[in-house]
Amino acid sequence: MKKNIFQSLIVALMCTTALGLNACGSDDEKDMAKPDINNRGVTENPINCQVYQPGDTIYVCYHFEDDTELGNYNIEIHGNFDHHSHSTESNSDEDECQGIEPERQLPDTAWVFNQSYAIPQGLRSYVAQVKIPIPKEITLPSKDNPQQLVTRNTRLGDYHFMIRLTDRAGWQQLKAVAIKVGQ
Amino acid sequence: MIVNLLTAALMAVAVNDSTVTLQSVTVSGQQRRNYQMRSSHSSVQVGREYIGHNFAGSLMQTLEGLPGVKAMAIGSGQSKPVIRGLGFNRLAVTEDGIKHEGQQWGDDHGLEIDQFAIDRVEVIKGPAALLYGSDAIGGVLSLYTNHVPVEPFSGSVQLFGRSNNEQVGLSAKVEGRKGNFFYRANTTLIDYADYRVPTDSIQYYSYWIKLHRQRLRNTAGCERDGSVMLGYAGYHFHTDVRLSDSYSKSGFFANAHGLEVRLSDIDYDRSRRDIDLPHQWVNHLKVLSHTSWRTGDLSAELSLAYQNNLREERSEPISHGYMPTPPDSRERRFNKSTYTGLLGVRYAVANHALRGGLSTEHQHNRRSGWGFIIPDFETSSTGAYITDRYTVRDNLIVNAGMRLDYARTHIHGYEDWFATPVGDKRVYLQRSADQRRHFTSFTWSAGVNYSVGQWVVKANVGKSFRVPIPKELGADGVNYHIFRYERGNAELDPEQSYQLDATFSWTSRPLASRCGGVVLEVQLEPYVNYFPNYIYLNPTSDYVEGLQLYHYTQARVLRWGFEAEATCHVGRHWEAHLQGEYLYARQQSGLKKGYTLPFSTPWSTDAGVKYLFDAKGKGFVGLNAHVVGSQHEIVPPEMPTDGYWTLNLSAGKDFGLSDRMRLNVALHADNLLNRRYYDHTSYYRLIDVPEPGRNISVKVGLEF
């Protein structure tokens, strides 16, 4: 009998604690879905294999959407001279829009673009429209004297255009597109 | 007097590692009861025999069979311990009572202990701050290597291998005793090739990676361990000193590490056994000294330790953002020294077993290399505790204790070694501010052990804590291991945790006398755990330097769960076993209110049957089905994981070659059906790498 009382006491105590603490938080309204990057209602740009020239402007246009609330986004453009591939590209004719000889080292005259953008709060749907000019020249520290800056022509070739998009909850969606500068 | 005898008897059980062994027919109800009555914590103890028989490739994988214990795969076939869903700095790993101090915060940093030198393991599933201070929130993995040899000379040689990553290893041990003096020496050498997974390609951070012959490029590695111990074991006085060194080197999966996921000049597919860049090597040197003195009702123990953990992570120098191409491959180097001193006194008076102690620890960490992740720091902590264990009656023991800790941390400032253009200036950005923090923590614990008839009931309630680590306080930079920007929070308070856990254990009387009798053992271990301020790395919606910002915050967290197991011994030959576990976790405040915690353990259950026999030495064959539920309780950036089940075989046999020589063979075959599945609690889950396919581990040991 004593044993039963003792056991019931412990079980009861544990249940009360669990339920008591549990009751404080409701967990039905949490955002469990990633945001989406698509072309709904817009003509998406840039698209795979698109060719630009140095001095051109990339008119970025994509539609973002989330079931709860969008967060922020980032656009990054990096050289793809080594021909790595991204799973979010439309992969089918990828090989055709790449140069022939892959390079192992990233040249220091490769154009690097990396910029983050805020989306106004409270939106579930947003059209990102950004103008990105492609520089004709790259400024970099001189090899002989790193304090001195020199300018060189922008390296032509394969680049990747990447969009990263978050929602308010911290889910992230990525989209990568292969583009070309020059040639 | 009776109490003293009982205590002595229990101590004897504790020291002799072969008496209380799990899942072995030799465990009688009485021994089981004795072990259960020793402490009010939920705990499991395994001896050398269990470790030997259940050898599954590595110590953590061997221990993974225990309810509530998981091995978190961190790559290269290595794993980290997780107890009831908590790992990293939320559990303490101790070796002979001294907390092991490496860089345990790291996602791909392993145990750095010679697992073949371990005699005995005890897993405490719950807060154990009273004895171990900071970090022992989720529990303690206590490893013991201090078994005192009884024979003038004995030893063993073990050869082992694993099929998945073509691992081969050798471990040798000699030990002996002359009068009261004894010695022990161990060495272990392990070599393994690239880890194999049942897939041809994986996706990581949107990159599409094709695998060569289903191998994770550059995950080969090696390990070299050695230790020497000398000691004196008298009746009243015992002293020993142990010097050990553990070195390991292993490659990082080349496609999912470093600044850019890209090709390199290295031809990784040339050989599956070489270690190219990127890779890590770590050397852990440890000197441990234990001295104890005992007379009548009083005993005192002094432990002193020095540990040096030297780690390097090397990768191909690549320019990134505004960082120019670094001069060499040394991306990160950490040199951490830890000095520990523990003084403990035990005193038995009337029915009370009193215990008190002081502990002090000093850590000194210096970094170098071109990749910044944690700043230099020094941390000092001091703690004092007192506990009483009161034997009310033979079958009712209560205990209580409290502890006070004081810790100081000095984090050094750090600025980039390269300049970043800000406006029209070029500045060296500060990544970590110089800061000094101090923390005080008061912790306590109380428990009861009660046995009546075939029942043993235990309950323990306690508070534990964890001092924030410098990474949580001072990080401010890109974590290239996982492509995110991590920002520390200098305002963090010590993490506190309250836990109530219980153990209900029942052993039947022999049920049927035919076929040798049937004995049933049932155990249920429920727990409730509450954190008023869990330190959580929160994924935000912001971008910093082109990467998603993760920011350290604190949130209320509730967790509860249980482990249950039932074992049925039928006669001398058959044993059936069923076990399961469940864990629930919820963040109850903060930006992720309503979400679970990262790497939430899904429910799982194991059903196994074992045949034991004795033909010129003990042997067994066992078949086990491991069933794991799906996990949809996730938090960004995780993905839901489907459930799975695997079929596993284990077998072992002892052969008596002569009265002094024994040969034993252990075989473990995992995932017999070669199923492809993902483990939600594996670090590799985040990068879409499935768990290994069929894998066979074999160990042959010769004891003399």
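Which residues touch the most other members of the largest nonpolar core? The views below start there. This is a predicted model, where local features need pLDDT of at least 70, side-chain atom pairs count only at pLDDT 80 or more, and totals for chains, interfaces and linings use all residues. Residues are numbered from 1 along each chain as its sequence is written, with chains lettered from A in the order in which they are written.

**View 1. The largest nonpolar core.** B:Leu91, B:Val123, B:Ala128, B:Ala136 and B:Val140 touch the most other members of this 56-residue core. A nonpolar core is a set of buried Ala, Val, Leu, Ile, Met, Phe, Trp, Tyr and Cys residues joined through C-beta atoms within 7 Å. Buried here means 20 or more other C-beta atoms within 10 Å of a residue's own, with C-beta atoms placed from the backbone.

**View 2. Around B:Val123.** Skip its neighbours within four places in sequence, and B:Val123 is in contact (C-beta atoms, placed from the backbone, within 7 Å) with residues including B:Ser43, B:Leu66, B:Ile83 and B:Leu141. Elsewhere, a second, separate core of 20 residues includes B:Tyr527 and B:Trp560.

**View 3. Chain B overall.** Buried residues make up 48% of the 704 in chain B. Its C-alpha atoms fill a box of roughly 85 × 55 × 50 Å, taken along the principal axes.

**View 4. Confidence in chain A.** The average pLDDT (the predictor's confidence in each residue, from 0 to 100) is 79 for chain A, and 70% of the residues score at least 70. Over residues 17-27 of chain A, pLDDT is below 50, and this stretch has 15 contacts in the model beyond near neighbours in sequence. Where pLDDT is low, the predicted coordinates should not be read in detail.

Technical notes. Buried ≥ 20, exposed ≤ 12 C-beta atoms within 10 Å, placed from the backbone. Contact = placed C-beta atoms within 7 Å.
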